[in-house]
Amino acid sequence: MAALRRLGRSLLPPGPAAAPGGRRGVRALRRSPVRVLPPQKEQRAAAEQRQSPREPPPPPLPAVERSSAGPGLWYEKAAAGDRRLGKVVTIAKSKKFRDHHGKVLLEGHRLIKDALEAGAVLQTLFFSTVGHLKELPEAQLKRANLVKVKFEDIKSWSDLVTPQGLIGIFSKPDHAKLSYPTAQLTSSLPLLLICDNIRDPGNLGTILRSAAGAGCEKVLLTKGCVDPWEPKVLRAGMGAHFRLPIVANLDWESVPSNLPASVQVCVADNKDGGAQAETVPVLRRASGAGSAPGNLKPPVKSKPKAAPECENEEGVTSACVPELAGQYYYENWTQTPVAVVIGGETHGLSPDALHLAASTGGKRLIIPVVPGVDSLNSAIAAGIVLFEGKRQLLRRHKQEDERQKFPIVG
């Protein structure tokens, strides 16, 4: 057989010489075809290969646990690690946030209840026990987002020494849309208060509380006063924000339009009265109810019309401030209606306040103190003057009623 095979190969015509690496060529023909990718797809595929294995997707958020606190009243239980309370409290304490987003923070049962009864819009209420909800108006709660949190969480974010377990986020109230208590409206007197450069939150809150207690018709806050919705002002006010209208951030040009017609504007001052001077334009320094005389404050920048200028003996030009006729606060000074300006302790009364008082025939109300004693706190001075004004107005009304009942026959 071997001989026959050799004979057959010898009879075949000679073929081409085997090329070197012939076996490799055969192997190449046996390989599977390669897919050619476009440049973009090729780059994308290479990038996917270089990437590390993808992280598993985050687990789904746990379902919100909701419970009922009464018919139609549902609340949400905050889960562990819920940071909404801390975030909301932090940003709501910023004046920039309050002005930009129109939200304010109220804390405590009394303040939140007064706000709800006045018609303020509650957005979110954080509470520690369900019993707190039963003490608040149910109709307003049904329209808000209620979140139950631990008392320790409220305590850690509260500004109160003894937190009550209630923190509410409200839409910034509009004084024109609030409904004030009937008792406050029936006891209201034609007595208004203008706050000028009251920058201490505690003082402003106490002044607002005194104004509500005296039965003031309205309170005006000029530019330069602290924000009335600052948490410290709210705490010191003890609900006064929802008992009488408070118009804030006014420049002196817009103050007269917020006053009733034929109003007389008086200013509270600690300057010693002595002889009562006539209202003549002289160069003097403006002093406030809570500051010693001698604090000069430049005119308010927001007022486009510059105050009249005077030149003193040394030739120095300064704002010409009218000298108002002064009298002691317990003497008769009330007319119907009347407004009182209280100045801050640091900057005192501004020249604009004195010009407004002079233009209405107002007076400078002097609160005498013992010589050598520092001037009164602005909140104390406001309380003294407002309640004296209330006493005089009530006496005047009583006298007018008696005249009507028993007219004098000529």
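Tutor: Contact here means heavy atoms within 4.5 Å, and we shall apply that cut-off to a model that is predicted.

Student: What makes helix H10 a helix that lies across strands S7, S8, S9 and S16?

Tutor: Since contact needs heavy atoms within 4.5 Å, saying that helix H10 (residues 201-214) lies across S7, S8, S9 and S16 places it against those strands, and its direction runs at about 175° to that of S7. Helix H13 (residues 378-405) also packs on the sheet, where it touches S7, S10, S16 and S17, and its direction makes about 165° with that of S7.

Student: How do you know that S10 and S17 pair?

Tutor: Two strands pair if at least two bridges are found between them. Strand S10 (residues 264-269) and strand S17 (residues 364-366) are joined by three bridges and run parallel, so by that rule they count as a pair. Within this region, Asp-269 stands opposite Ile-366 in S17.

Student: Why are S9 and S15 said to stand at the edges of the sheet?

Tutor: The open sheet has seven strands in the order S9-S8-S7-S16-S10-S17-S15, with parallel pairing. S9 and strand S15 (326-328) each have a single partner strand, so one side of each is left without a neighbour in the sheet. From one strand to the next, the twist averages 25°.

Student: What makes Lys-172 a lining residue of the largest pocket?

Tutor: A lining residue has an atom within 4 Å of a point of the pocket. Lys-172 is one of the 23 residues that line the largest pocket, and it is among those closest to the centre, together with Pro-228, Trp-229, Ala-248 and Asn-249. About 380 Å³ of space lies in this pocket, and S9 gives the most to the lining, with four residues.

Student: How is the lining of the largest pocket divided by residue kind, and what does Trp count as?

Tutor: The lining divides into 12 nonpolar, five polar and six charged residues, and Trp counts as nonpolar.

How values were computed:
Residues numbered from 1 in each chain as written. Predicted model: local features only at pLDDT ≥ 70, side-chain atom pairs only at ≥ 80, totals over all residues. Heavy atoms only, no water. 1 Å grid on protein atoms, 1.4 Å probe; cavity = no way out; pocket = protein on both sides within 12 Å on 5 of 7 lines; lining within 4 Å. Points joined across faces, edges and corners; volume = space filled by probe spheres on them. Helix = DSSP H or I, 4+ residues; strand = E, 2+ residues; numbered from the N terminus. Axes fitted to C-alpha atoms, helices over the stretch in contact; angles between N-to-C directions.
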